[in-house]
Protein chains: 2
Amino acid sequence: MQYKWVASRLQELEVACRENRLPVTAQRRMIFEELLARDDHPTADQIYEAVRTRMPQLSRTTIYRTLDTFVELGVIRRVAHAGGARYDANTARHHHLVCSACGKMADVLEPSLDQLTLRKGKRLGFRIDDYSVHFTGICADCQSHS
Amino acid sequence: MQYKWVASRLQELEVACRENRLPVTAQRRMIFEELLARDDHPTADQIYEAVRTRMPQLSRTTIYRTLDTFVELGVIRRVAHAGGARYDANTARHHHLVCSACGKMADVLEPSLDQLTLRKGKRLGFRIDDYSVHFTGICADCQSHS
DNA sequence: GTTCGTGCAAACAATTTGCATAAGT
DNA sequence: ACTTATGCAAATTGTTTGCACGAAC
């Protein structure tokens, strides 16, 4: 089940690459798999450290370029975070909890938040593509360690 | 009216400084005024460029340290943005429109979004302090320049 | 007078770029 | 074969730190 989901997401990547005439390289596959395997919204560097163990010659440069490419292709998202860019393989609408002490970020699935709308008069001419609710607070770990 | 508001916010800064035994310096006042005067959620560097015209000897270091201090004091907020930290003098609950092309950020005042709640079961042990809705899309300028 | 802030220069970290080589189609 | 990606090193940008001097309380 998780297995099938990973396979289908990988296929999604291959299709997106082929449609844009981009080669499906080992690095791309590996970076994408790493992102699929985790839900902690890693930084570019965290992905680098993780993937490097399996592919030691891999360079940081490739991580940065590949993540940009994936965002362009729409197969992952770059998510705004006070401490720098984070990446998320979950492209469906969802929301986030962010710990203001340690920066930890967790997903929130809350369907009641998935249909919010902004009145036209408030849009300032923006063409809105998506939205997400950022809850900020202190995570369980940081509450106990204080 | 705007004038009164600026005055009262400046007073808020002075009170916060005194309560924490921090001197109210000319730089602090000037950086705070600059932030009060704009609603475009500038980066540290944008504030530096703006304030520097009136106070040429001011250093970047001071900007960074002062902004950190203000966030600590709770008189401004650091807001998450894909392209790095942004600062906002508006500490009341409000929401944002973000242009994914140019990074522009604008405030959204939409009272209907100010009372959202997250069910306890979804909170993962976080103590939630606040939240804000991030709408992402393409701003009017970027739509026309394409 | 004492404490804390500020400016400078240097350190550091994160991200980007140019170019030769390697891999995917 | 052709095109695009990759790795390396260097450049660039954003941010932090140590220290001597100056300003606010």
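The crossing of H2(A) and H3(A) is right-handed, a hand assigned when the near helix is turned clockwise from the far one by less than a right angle, with anticlockwise giving left-handed. In this predicted model, local features need pLDDT of at least 70 and side-chain atom pairs count only at pLDDT 80 or more, whereas totals for chains, interfaces and linings use all residues. Residues are numbered from 1 along each chain as its sequence is written, chains are lettered from A and ligands numbered from 1 in the order in which they are written, and side-chain values use heavy atoms, with hydrogens and water left out.

## Helix packing

The axes of H2(A) and helix H3 (residues 44-52) of chain A come within 10 Å and cross at roughly 110°, where axes are lines fitted to C-alpha atoms, for helices over the stretch in contact, and angles run from 0 to 180 degrees between N-to-C directions. H2(A) is therefore roughly perpendicular to H3(A), in a scheme that takes angles under 35 degrees as roughly parallel, over 145 as roughly antiparallel, 65 to 115 as roughly perpendicular and the rest as oblique. From H2(A), Met30(A), Ile31(A), Glu34(A) and Leu35(A) meet Ile47(A), Ala50(A) and Val51(A) of H3(A), contact meaning heavy atoms within 4.5 Å. By class, this contact of H2(A) with H3(A) has six nonpolar, no polar and one charged residues; Ala, Val, Leu, Ile, Met, Phe, Trp, Tyr, Cys and Pro count as nonpolar, Asp, Glu, Lys and Arg as charged, and the others, Gly among them, as polar.

In chain B, helix H1 (residues 2-19) and helix H2 (residues 26-37) pack at an angle of about 140°, with their axes 11 Å apart, which means that H1(B) is oblique to H2(B). The crossing of H1(B) and H2(B) is right-handed. On the H1(B) side the contact is made by Trp5(B), Val6(B), Arg9(B), Leu10(B), Leu13(B) and Glu14(B), and on the H2(B) side by Arg28(B), Arg29(B), Phe32(B), Glu33(B) and Leu36(B). The residues of the contact of H1(B) with H2(B) divide into six nonpolar, no polar and five charged.

## Chain A and a loop residue in each chain

Chain A has five helices and five strands, helices being DSSP runs (H or I) of at least four residues and strands (E) of at least two, numbered from the N terminus. Along the sequence, the pattern of chain A reads α-α-α-α-β-β-β-β-β-α, and its C-alpha trace spans about 45 × 45 × 30 Å along its principal axes.

Leu124(A) is found in the loop between strand E4 (105-108) and strand E5 (127-138) of chain A, and its phi is near 50°, a positive value in a residue other than glycine. Leu124(B) is found in the loop between strand E4 (105-108) and strand E5 (127-138) of chain B, with phi near 50°, again positive in a residue other than glycine. Most residues other than glycine have a negative phi.

## The DNA strands

There are 19 residues around DNA strand D, of which Thr25(A), Gln27(A), Arg28(A), Thr62(A) and Tyr64(B) come nearest; a residue is near a molecule or strand if one of its heavy atoms lies within 4 Å of it. Helix H2 (26-37) and helix H4 (60-73) of chain A, together with helix H4 (60-73) of chain B, each supply at least two residues of this surface near DNA strand D. The residues of that surface divide into six nonpolar, eight polar and five charged. Of the atoms of DNA strand D within 4 Å of the protein, 70% belong to sugar or phosphate and the rest to bases.

Around DNA strand C there are 18 residues, of which Tyr64(A), Thr25(B), Arg28(B), Thr62(B) and Arg65(B) come nearest. H4 of chain A, together with H2 and H4 of chain B, each supply at least two residues of the surface near DNA strand C, and H4(B) gives the most, with four residues. By class, the surface near DNA strand C has six nonpolar, nine polar and three charged residues. Of the atoms of DNA strand C within 4 Å of the protein, 73% belong to sugar or phosphate and the rest to bases.

| Protein side | DNA side | Distance |
|---|---|---|
| Gln27(A), side-chain N or O atom | DNA strand D, sugar or linking oxygen | 2.9 Å |
| Ser59(A), polar backbone atom | DNA strand D, phosphate oxygen | 3.4 Å |
| Arg65(A), polar side-chain atom | DNA strand D, base oxygen | 2.9 Å |
| Thr61(B), side-chain N or O atom | DNA strand C, base nitrogen | 3.4 Å |
| Thr62(B), side-chain N or O atom | DNA strand C, phosphate oxygen | 2.7 Å |
| Arg65(B), side-chain N or O atom | DNA strand C, base oxygen | 2.8 Å |

Key:
Polar contact = N/O pair within 3.5 Å; in protein donor to acceptor, adjacent residues only side chain to side chain.
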